[in-house]
Amino acid sequence: MQDKLFKVLLILSAIVIPVIGGGIIYSLTVDASGAFEEFGFWHFIFSDDWVTTAGKESYGALPFITGTLLTTALALLMCIPFSLPVALFTGEYFRGKKIAAVLGTVIDLLAGIPSIIYGMWGFFVFAPWFSENIQPWLIDHLGDVPYIGRLFQGAPMGIGLFTASLILAIMIIPFIASVMRDVFEIVPVMLKESAYGLGATTWEVVRYVVLPYTKAGVIGGIMLGLGRALGETMAVTFVIGNAYQITGSLMDPGNSIASALANEFAEAQEGLHVSALIELGLILFFITFVVLACAKLLLLRLSKNEGKKT
């Protein structure tokens, strides 16, 4: 009897998640139907209009989509080179030592700090320092470089797409590092000791034993960090500049889907404006789903190719 009840409980728990997800998609789609009917899905996706004046309303999501994808991609590129070494330091090289325990505790605390704290620190402390000490150097030394120079041109205002990417990277570094560290700690000691017994160095053990054994968990940790960066709201809202534009420079202010929702939803008038904002939320949901689904497919492909020659 207890086994049957336990089985029913497990089945119900498994059903709840897709039901909740389906309910969210359905409610967002219904509430966004006004914008769908007025502008059409593809026009809304590729238009850069955002006019809230009554009688002249016109909405497009392209500036928010590009801002979201750009800041998230840059944050991920900047955080991975730091997250992996930190995780290896605490979970492998100095595992069991006091310094690793202290640093691990600090990482866990940083991972749990509310995002609004990062946003306030970024706006009041980091952005002024960045505009005075780093941005002028980037503009002077990289602004004229062929091909990439356009990305570093503009006024050193402190806030903008690049600043938002940096704050996002700082936020998700401890999050990803914490997940990776826990994954590294589950590698069987016998595998590592066998490699050491064959004469492998610490780097070779990490490269040929630890990382291959934990690659699924490492990629999973990165994807969890990516998912958090995609939906981050308050930290980005403080430092991205909240400008409705598509720009070719990382120094210019921009916007993201989450920051647009945070800025406008409370004051939006009923009708097309609210419907357009809800459609933005639906697009963010879809982007997150696609990214995480691609990550899952990548993990499945890696698992399928295990043991095969490259």
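**Figure 1. Lining of the largest cavity in the predicted model.** In this predicted model, the largest cavity is lined by Thr 68, Thr 71, Thr 72, Leu 168, Ala 229, Leu 230, Glu 232, Val 236 and Ser 256. The space inside the largest cavity amounts to about 30 Å³, and a search of the whole structure finds one cavity of 30 Å³ or more. Helices H4 and H10 each supply at least two residues of this lining. The largest share, three residues, comes from H4. By class, the lining of the largest cavity comprises four nonpolar, four polar and one charged residues.

**Figure 2. Lining of the largest pocket.** The largest pocket has a volume of about 260 Å³. Its lining is formed by Ile 25, Phe 41, Trp 42, Ile 45, Ile 65, Leu 282, Ile 283, Phe 285, Phe 286, Ile 287 and Phe 289. Helix H3, residues 41-46, and helix H13, residues 272-304, each provide at least two of the lining residues. H13 gives the most, with six residues. Sorted by class, the lining of the largest pocket has eleven nonpolar residues, no polar residues and no charged residues.

Figure 3. Ser 83 is placed in helix H4, which runs over residues 62-93. The relative accessible area of Ser 83 is 0%, and the residue is therefore buried, the limit being under 20%. A polar atom of the Ser 83 side chain lies 3.4 Å from the backbone oxygen of Ile 173. When neighbours within four places in sequence are left aside, Ser 83 is in contact with Ile 172, Ile 173, Ile 176, Ala 177 and Met 180.

Figure 4. Val 205 belongs to helix H10, residues 202-231. Val 205 counts as buried because its relative accessibility is 0%. Residues up to four places away in sequence not being counted, Val 205 touches Lys 192, Ala 195, Tyr 196, Ala 200 and Val 210. One of these partners, Ala 195, stands ten residues from Val 205 in sequence, with a C-alpha to C-alpha separation of 6.3 Å in space.

**Figure 5. Cysteines Cys 79 and Cys 294.** The structure holds zero disulfides. Cys 79 takes part in no disulfide, and the nearest cysteine sulfur, that of Cys 294, is 18 Å away. Cys 79 counts as buried, since its relative accessibility is 0%. Cys 294 likewise is in no disulfide, the nearest cysteine sulfur being that of Cys 79. At 46% relative accessibility, Cys 294 counts as partly exposed.

**Figure 6. Tyr 147 in the loop between helices H7 and H8.** Tyr 147 is located in the loop that connects helix H7, residues 135-142, with helix H8, residues 161-184. Although Tyr 147 is not a glycine, its phi is positive, at about 75°. Most residues other than glycine have a negative phi. The relative accessibility of Tyr 147 is 85%, so this residue counts as exposed.

**Figure 7. Asn 242 in the loop between helices H11 and H12.** Asn 242 is found in the loop between helix H11, residues 234-239, and helix H12, residues 257-264. Asn 242 is not a glycine, yet it has a positive phi of about 55°. With a relative accessibility of 26%, Asn 242 counts as partly exposed.

**Figure 8. The whole protein, for orientation of the close-up views.** The protein contains 13 helices and two strands. Along its principal axes, the C-alpha trace spans about 75 × 65 × 40 Å. Of its 310 residues, 40% count as buried. Among contacts between residues at least 6 apart in sequence, 72% join residues at least 24 apart.

Definitions and conventions:
Residues are numbered from 1 along each chain as its sequence is written. This is a predicted model: local features need pLDDT of at least 70, side-chain atom pairs count only at pLDDT 80 or more; totals for chains, interfaces and linings use all residues. Side-chain values use heavy atoms; hydrogens and water are left out. Helices (H or I, at least four residues) and strands (E, at least two) are DSSP runs, numbered from the N terminus. Buried means under 20% relative accessible area, exposed over 50%, partly exposed in between (1.4 Å probe, protein chains only). A polar contact is a pair of N or O atoms within 3.5 Å; within protein, one must be able to donate a hydrogen and the other to accept it, and residues adjacent in sequence count only if both atoms are side-chain atoms. Contact means heavy atoms within 4.5 Å. On a 1 Å grid over the protein atoms alone, a cavity is a set of points where a 1.4 Å probe fits but cannot get out, and a pocket is an open set with protein on both sides within 12 Å along at least five of seven lines; lining residues have an atom within 4 Å of a point. Grid points are joined across faces, edges and corners, and a volume is the space filled by probe spheres set on the points. Ala, Val, Leu, Ile, Met, Phe, Trp, Tyr, Cys and Pro count as nonpolar, Asp, Glu, Lys and Arg as charged, and the others, Gly among them, as polar. A disulfide is a pair of cysteine sulfur atoms within 2.5 Å.
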